[in-house]
Amino acid sequence: MEKGDIKCPLMSSKHEDKVEDCNLWTRTEKRKWLCTLFIGTSALYASRTSVPLLVPAIALERNWSKTDSGTVLSSFFWGYTLTQVLGGYLSDRIGGHKVMLTAAVGWSLFTFWMPHVIRLFSAQETSVNFIVTMRILHGAFQGVHFPSMSSLTSQHLAEKERASFFSILTSGSAVGTLFTGTFGSYLLDYHGWPTVFYVIGFLGVVWTLVLRNNALALERRKAVITCVPPKLHSSLHLKDKIPVPWIKLFERLEFWSCVIGHACQNNCFFLLLSWLPTYFHDTFPDAKGWVVNMVPWLFCIPSTFLGKWLSEKLITQGHSVTDTRKIIEVICLGSQALGLVLIAQITDYYWALLCMTVAIAATGFHNNAIIVNPQDLAPKHCGSVFGLMNTVGAVPGFMGVYLAGYILETTNSWASVFHITAAINMFGCLVFLMFGSGNAII
């Protein structure tokens with residue numbers, strides 16, 4: 001047996017508290033699932049950011065207004081909001097790998113067929129409405145990914161490993177965005193915008209097949225765990241089905257501070273994710289697309305690992321999990337607010353690129369704070385809790401992104417958009433700083 005593999009406990013009653021060890025991944029399985037889920041998150045975000053990258057080109061071809069563009073961009077988050085809690089609930093019940101696999105089939109195929117969706121109708125209003133409907137479905141399929149991943153990792157990793165493991169997985173969002181910004185920009189310039197959808201959709205299908213193989217292996221592994229006596233196995237199964245104490249959760253300020261902080265950060269993140277290509281296209285029309293779509297996201301990856309290292313260092317030095325989560329989140333929200341305030345005053349391309357890089361790179365710290373906080377607050381129900389947190393957090397995705405388009409259409413002022421976003425960030429920072437916690441509450 002490989003060093004680090006988990007041995008199943010004996011059948012004696014004194015080992016009942018160790019029965020759950022049978023469900024923990026071995027070292028080899030951890031590496032396999034880390035790579036699979038990291039690549040999957042990258043593919044997910046490559047799919048998600050394809051439309052924001054291509055909106056300027058599509059809007060030019062289809063004669064869309066800023067409001068039309070904002071509606072199409074924000075509609076993804078309408079669907080994304082709807083499936084968060086459901087995805088977490090189903091994942092806690094039947095397994096995150098099953099939910100994630102079903103969803104991956106949907107969002108991969110939607111991405112691949114998006115050029116046909118966009119060009120299906122010639123009438124502009126009908127076309128926009130149909131695209132919005134398809135984008136809602138696309139978002140609904142992607143909405144279950146993170147709750148499913150949170151549930152899956154919490155069921156198969158020791159408690160001390162979950163936060164760092166999950167933060168690494170979330171950094172795949174930056175890799176996927178970076179892939180779309182660089183390779184997608186190249187395909188856009190030399191092969192046209194439909195090719196970007198085809199390539200990213202195809203890669204999503206390939207990853208879905210890999211995930212299917214891993215999911216089947218996980219099911220076989222569960223089937224051969226014969227060391228657990230039937231009585232204990234039944235007891236463990238029932239323990240996993242304990243209902244989420246929603247009322248008790250809703251009464252805790254620690255939970256709501258996590259939700260509000262996440263919503264405020266998401267407002268900033270989704271706005272930049274959706275409108276960054278358009279901002280540089282409008283403000284600096286001579287800027288190279290691959291540069292502005294690559295550089296900011298390139299620094300998001302090392303910042304995630306920097307946040308992970310800093311979190312572990314703070315805890316090692318004796319700081320509580322609560323203090324650690326607050327320090328890391330303040331760095332995130334404060335840096336983003338500073339970057340946005342500065343970029344609103346800047347007219348120089350290179351300084352604008354620097355400020356945008358700071359704002360986006362700070363997201364890496366969020367991946368090591370509020371993103372992993374549901375595992376602190378509700379370790380037994382983190383899939384469901386993460387789903388609810390992400391549901392509320394996704395609301396700014398459609399409200400903020402749409403309102404940004406409306407503000408730009410009516411005032412043509414990027415400064416107004418950035419100032420409002422910075423103020424929302426600071427509100428979320430203050431709430432989490434006052435009421436946030438790293439201790440279990442349910």
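Guide: The largest cavity has a volume of about 180 Å³, where a cavity, on a 1 Å grid over the protein atoms alone, is a set of points at which a 1.4 Å probe fits but cannot get out, and where lining residues have an atom within 4 Å of a point. Grid points are joined across faces, edges and corners, and the volume is the space filled by probe spheres set on the points. This is a predicted model, in which local features need pLDDT of at least 70 and side-chain atom pairs count only at pLDDT 80 or more, while totals for chains, interfaces and linings use all residues. Residues are numbered from 1 along each chain as its sequence is written, and side-chain values use heavy atoms, with hydrogens and water left out.

Seventeen residues line the largest cavity, and the closest to its centre are Tyr 45, Phe 146, Asn 266, Asn 367 and Ile 371. By class, this lining has seven nonpolar, nine polar and one charged residues, with Ala, Val, Leu, Ile, Met, Phe, Trp, Tyr, Cys and Pro counted as nonpolar, Asp, Glu, Lys and Arg as charged, and the others, Gly among them, as polar. At least two lining residues each come from H1, helix H14 (253–283), helix H20 (363–366) and helix H22 (382–411), helices being DSSP runs of H or I with at least four residues, numbered from the N terminus. Of the elements, H14 gives the most to the lining, with five residues.

Thr 36 is found in helix H1, which covers residues 27–48, and Thr 36 counts as buried because its relative accessibility is 6%, buried meaning under 20% relative accessible area with a 1.4 Å probe and protein chains only. Leaving aside neighbours within four places in sequence, Thr 36 is in contact with Trp 207, Leu 211 and Asn 214, contact meaning heavy atoms within 4.5 Å.

Helix H22 holds Ser 384, which at 1% relative accessibility also counts as buried. With neighbours within four places in sequence left aside, Ser 384 is in contact with Gly 88, Tyr 89, Asp 92, Val 244 and Trp 246. Ser 384 and Ser 148 are 236 residues apart in sequence, yet 8.9 Å apart in space from C-alpha to C-alpha.

The lining of the second largest cavity divides into six nonpolar, five polar and no charged residues.

Another helix to look at is H23, residues 414–435, whose 22 residues should span 32 Å at 1.5 Å a residue, and its end C-alpha atoms are 32 Å apart, which agrees; the expected span is 1.5 Å times one less than the number of residues. Buried residues in H23 include Trp 414, Phe 418, Asn 425, Gly 428 and Cys 429. Cys 429 is buried, with a relative accessible area of 7%.

Notes: Buried means under 20% relative accessible area, exposed over 50%, partly exposed in between (1.4 Å probe, protein chains only). On a 1 Å grid over the protein atoms alone, a cavity is a set of points where a 1.4 Å probe fits but cannot get out, and a pocket is an open set with protein on both sides within 12 Å along at least five of seven lines; lining residues have an atom within 4 Å of a point.
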